[in-house]
Amino acid sequence: MATIEFNQIQKSYGGVQAIRDFNLTVDDGDFCVFVGPSGCGKSTALKMLAGLEPTSGGEIAIGGRDVTDLGPGKRDIAMVFQNYALYPHMSVRSNIGFGLKMHGLPKAEIDRKVAEVADILELSDYLDRKPRALSGGQRQRVALGRAIVREPSAFLMDEPLSNLDAKLRVQTRAEIVKLQKRLGVTTIYVTHDQVEALTMATKIVVMRKGVIQQIGSPETLFDTPANLFVAGFIGSPGMNFFRGPVEKEGDVAFTRFAGARIKLAVPAGQLPFDNAIFGIRPEHIRIGGEGAEIGLTLVESLGTEKILHFQTPEGQEFNDADTAADHDDERDASSMLARVIDDVRYADGQAIRVHLPEDKIHVFNPDTHTALRAASGQVNT
Amino acid sequence: MRNHSLLGKIGIYAAVAATCGLLLFPIYWMFITALKPANRLRDFPPEFWPENPQWNVFADVLNSQPFGLWMWNTVLVAIATMILSLTVGTLAAYALSRFRLRGGQGLGLFILTSKMLPATLLIIPLFVVFRSLGLTGSLWSVIIAQSTLIVPFATWMLKGYFDTIPPELEQAALVDGASPLGAIVRIVLPVAAPGMAATALYAFVISWSDFLYARTFLTTSESKWTLNMGIATLKGEFVTDWNVIMAASLMAAVPIVGVYLFLERYLVGGLSAGSEK
Ligand SMILES: Nc1ncnc2c1ncn2[C@@H]1O[C@H](COP(=O)(O)OP(=O)(O)OP(=O)(O)O)[C@@H](O)[C@H]1O
Ligand SMILES: [Mg+2]
């Protein structure tokens, strides 16, 4: 059990910078998730922490001890790989016990610990099998067992669930969280799936192109994303974005959505622009009332929960590489979603009124794409 | 094989039988030639099974020639060559497969091209080198010369095999506390066992069948003759006892079959092991 610190970590491959100015402190017992799109450097950061990849600059400390120049075996960490990396020529028993054997534990003690871990992970019946005779879920548990049997000061996991089917993934997700709580071991978990990040983490690190975008709890990231990228990446379905004018009356600023005037929580003094980018989550859009009238293009019904699609008002479309690539729903760039839970029946083509509550609107600087906020001003990135 | 018709099956067996016949015929011919009395060898039409098989020819070979000594020398050379080329080849292949070496790809190709030089081209420079090292007449000359021929190919065979082993396997071992060499010895080599076995067999067979190097470096030291060298001397200037030569050659081939049978389980058994997802 230990804290983990990255201090100004850099990594370049040849001339390409894969990680830039990576600073992070993970507290003892934290479940910290690195999340970001493919190629953003999550695995690289994890491998540097494991000692499998040399750093190009900066220091890494585990439990207050500088490990930057130590080999992987001397860092007192255990790792779970995406492909599990089980030793194919060894039985499950030897796979789990390998680390203990390398650390010179007596055989009786290894056997005892392996049996204990096998019991926790329900692997006792498979101890004498070879990995190739196991199902995907069982292999995944062997990989977990190999990590926990060592009782290391930190677990590192690189997309350990991505080879499981959807149902097993959800199940195992919960099991890993429970196991981590029980053992209290500081964990760094890499995924590109923001749902995994939100459900598992106590601390999320959102990365993009080798740069940390924001660090915070799931709630912080969801409620107060630091920039457009985080806003678009976290949440499902993802946040709606639109362009709008900035109109000022004294200290108060307004924008317009489909003609309707909306007061902004951000004071006019913080908005030295003629227009800005605005965001609202699909679950925050209100239907009915005095809002702007809009025609539905598609209704997806999941029983009481419905996803309503409608066109972004003409001229207000916001299209940007920052957000577009990472929505996991199939909205096209010029439509917006509202998520409603009610008993009303909606039909394609129906006209409805939508209302955007002012306290739920996120405002972004149109040039830098950073979020602008009323209370604390501009959020640091 | 499930859905083949009867006719299809017959066709397959016929093809297999034809292939086997083609491959085994020379061995059959060696065998009956060995069993014929020397004066019946050139009979025409030939006998397909000798009327009066001379089984004692095998014992004669063992008694009248230092056959055991030749065999022993050949075994020593083959095993030493196998170990030497496998060790060098494994280390080189691992480096080529895992490390991003500056010009690594060029180096790999260079190693392969050196394999394309014919042995006859290398033999004179090698002879000069061995003579100045005082190695001519020693089994080491043949061992080293054969290894120069085998190592490039062994390196490529093994590199191909190592490339299929995911590096995460060694990384997991490193994290588990193994040393880099320990990770290779405990994880990579056992997983690569089929590739190692195939390469070992290749090295053994090439070494066993060498004649050129033995003939060049060992001619003057009779006590160091290998089988191929020794058998070649049975061919006389005026008379050649072909039946004796055939019997000796047959016996010389037996250890190869033994080595193959021993390595076979690694060749087949491990092929499906690979890495685990
Ligand atoms: N050995 C390497 N040599 C050169 N570039 C590399 C190397 N390893 C990674 N990179 C580059 O570094 C960047 C980060 O890679 P990394 O594997 O950390 O991404 P990731 O966030 O884990 O992505 P994924 O979700 O696809 O696993 C990528 O652009 C990748 O191409
Ligand atoms: Mg990765």
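Predicted model: local features only at pLDDT ≥ 70, side-chain atom pairs only at ≥ 80, totals over all residues.
Stop 1: Select the loop between α8 (228-233) and β11 (240-245) of chain A, where you will find A:Pro237. Most peptide bonds are trans.

**Stop 2: two residues with positive phi.** Stay in chain A and go to the loop between β7 (154-158) and α5 (166-183), which holds A:Glu159. Its phi is positive, about 45°, although A:Glu159 is not a glycine. Is A:Glu159 buried or exposed? Buried means under 20% relative accessible area, so A:Glu159, at 10%, counts as buried.

Next, select the loop between β9 (203-208) and β10 (211-216) of chain A and pick out A:Lys209. This residue, also other than glycine, has a positive phi near 50°. A:Lys209 is exposed, because its relative accessible area is 60% and the cut-off for exposed is over 50%.

**Stop 3: the nonpolar cores.** Show A:Phe6, A:Phe22, A:Phe34 and A:Ile188, the residues with the most contacts inside the largest nonpolar core, which has 105 residues. Then bring in chain B: its helix α12 (residues 242-269) gives the largest share of this core, eleven residues. Zoom in on A:Phe6 and look at what it touches beyond four places in sequence; among its partners are A:Phe22, A:Leu24, A:Phe34, A:Ala45, A:Leu49 and A:Ile60, and also A:Asn23 and A:Glu59. Another core, of 44 residues, lies apart from the largest one; to find it, select A:Leu100, A:Leu144, A:Ala201 and A:Ile234, which are among its members.

**Stop 4: the largest pocket.** Centre the view on A:Leu52, B:Arg98, B:Phe99, B:Gln171 and B:Leu174, which lie nearest the centre of the largest pocket among its 26 lining residues. Its volume is about 930 Å³. Colour α3 (67-98), α7 (168-175) and α8 (180-191) of chain B, the elements that each give two or more residues to the lining. Which of them gives the largest share? That is α8(B), with four residues. By type, the lining divides into 13 nonpolar, seven polar and six charged residues.

Note on methods. Residues numbered from 1 in each chain as written. Chains lettered and ligands numbered in written order. Heavy atoms only, no water. Core = buried A, V, L, I, M, F, W, Y, C linked by side-chain atoms within 4.5 Å. Buried < 20%, exposed > 50% of the residue type's maximum accessible area, 1.4 Å probe, protein only. Contact = heavy atoms within 4.5 Å. 1 Å grid on protein atoms, 1.4 Å probe; cavity = no way out; pocket = protein on both sides within 12 Å on 5 of 7 lines; lining within 4 Å. Points joined across faces, edges and corners; volume = space filled by probe spheres on them. Nonpolar A, V, L, I, M, F, W, Y, C, P; charged D, E, K, R; others polar.
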